[in-house]
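This report is a first walk through one protein model. Please keep the sequence and the structure in view while reading.

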Amino acid sequence: MTALLQHAVCPEGTWDVALARPGPALSPGVRLYRGVRFATGAVRRRLEVPGPWVTLVLGFGPPMRLISPGRVPGTPATELLLASSVSGLQTRPTIGEHGGHLAALEVVLTPYTAHRLLGVDMGAPANRHLVLER
């Protein structure tokens, strides 16, 4: 059974975020679920810090823009538009930005579970954000 950790709702009803942990059968490899809904109409930026996890995002609305620093100092940042994605292990921060409308489910996975689910070596998606087709 999934355990709800937190559910925050804006008093005006323009956003809500729910955090949950998976049941025991999935908890060794699935670390966290996060559901988000934003309907503020205002641009929102968020710093995504690197960590020891792989993130699967299932988007249900307009795409989000991800801005990653250049791989080598002095090279330009890369920008991606994506609604659903897999983000591999990261060693640098990323900025996520949306135009005020976003609905998504984020599943945070351990590298081993991501390897088993995706069937790829975890070096392949490292420092990358891969678009999932709808």
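Averaged over the protein, pLDDT is 88, and 96% of the residues score at least 70. Where pLDDT is low, predicted coordinates should not be read in detail.

**The largest pocket**

The largest pocket holds about 630 Å³ of space. It is lined by 30 residues, and those closest to its centre are Arg34, Arg46, Glu48, Thr55 and Glu106. Seen by element, two or more lining residues come from each of the strands S3 (30-39), S4 (44-48), S5 (54-59), S6 (64-68), S8 (85-87), S9 (94-98) and S10 (101-109). Sorted by class, the lining of this pocket consists of 15 nonpolar, nine polar and six charged residues.

**The nonpolar cores**

The largest nonpolar core has 10 residues: Ala20, Val30, Tyr33, Val54, Leu56, Val86, Val107, Leu109, Ala114 and Met122. Strands S3, S5 and S10 each give two or more residues to this core. There is also a second, separate core of eight residues, and Phe38, Val57, Leu66 and Ala104 are among them.

Val107, a member of the largest core, sits in strand S10. Is Val107 buried or exposed? Its relative accessible area is 11%, under the 20% limit, so Val107 counts as buried. Apart from neighbours within four places in sequence, Val107 is in contact with Val30, Leu32, Tyr33, Val54, Thr55 and Leu56. Val107 and Met122 both belong to the largest core. Their C-alpha atoms are 17 Å apart in space, and the two residues are 15 apart in sequence.

**Residues in other places**

Beyond four places in sequence, Val131 touches Leu82 and Ser84. From Val131 to Leu80 there are 51 residues in sequence and 8.9 Å in space, C-alpha to C-alpha.

Asn127 is placed in the loop between helix H1 (111-118) and S11. What is the phi angle of Asn127? Phi is near 55 degrees, a positive value in a residue other than glycine. With a relative accessible area of 18%, under 20%, Asn127 is classed as buried.

Leu81 belongs to strand S7, residues 78-82. Although leucine counts as nonpolar, Leu81 is exposed, with a relative accessible area of 60%. Not counting residues up to four places away in sequence, Leu81 touches Pro63, Met64 and Arg65. The C-alpha atoms of Leu81 and Glu97 are separated by 9.5 Å, and the two residues are 16 apart along the chain.

Pro62 is in the loop between S5 and S6. At 45% relative accessible area, Pro62 is partly exposed. Which residues does Pro62 touch, leaving out those up to four places away in sequence? They are His101 and Leu102. Pro62 and Gly99, 37 residues apart in sequence, have C-alpha atoms 8.6 Å apart.

The table below collects the C-alpha distances.

| Pair | Separation in sequence | C-alpha distance |
|---|---|---|
| Val107 and Met122 | 15 residues | 17 Å |
| Val131 and Leu80 | 51 residues | 8.9 Å |
| Leu81 and Glu97 | 16 residues | 9.5 Å |
| Pro62 and Gly99 | 37 residues | 8.6 Å |

How values were computed:
Residues numbered from 1 in each chain as written. Predicted model: local features only at pLDDT ≥ 70, side-chain atom pairs only at ≥ 80, totals over all residues. Heavy atoms only, no water. 1 Å grid on protein atoms, 1.4 Å probe; cavity = no way out; pocket = protein on both sides within 12 Å on 5 of 7 lines; lining within 4 Å. Points joined across faces, edges and corners; volume = space filled by probe spheres on them. Helix = DSSP H or I, 4+ residues; strand = E, 2+ residues; numbered from the N terminus. pLDDT = per-residue confidence, 0-100. Core = buried A, V, L, I, M, F, W, Y, C linked by side-chain atoms within 4.5 Å. Buried < 20%, exposed > 50% of the residue type's maximum accessible area, 1.4 Å probe, protein only. Contact = heavy atoms within 4.5 Å.
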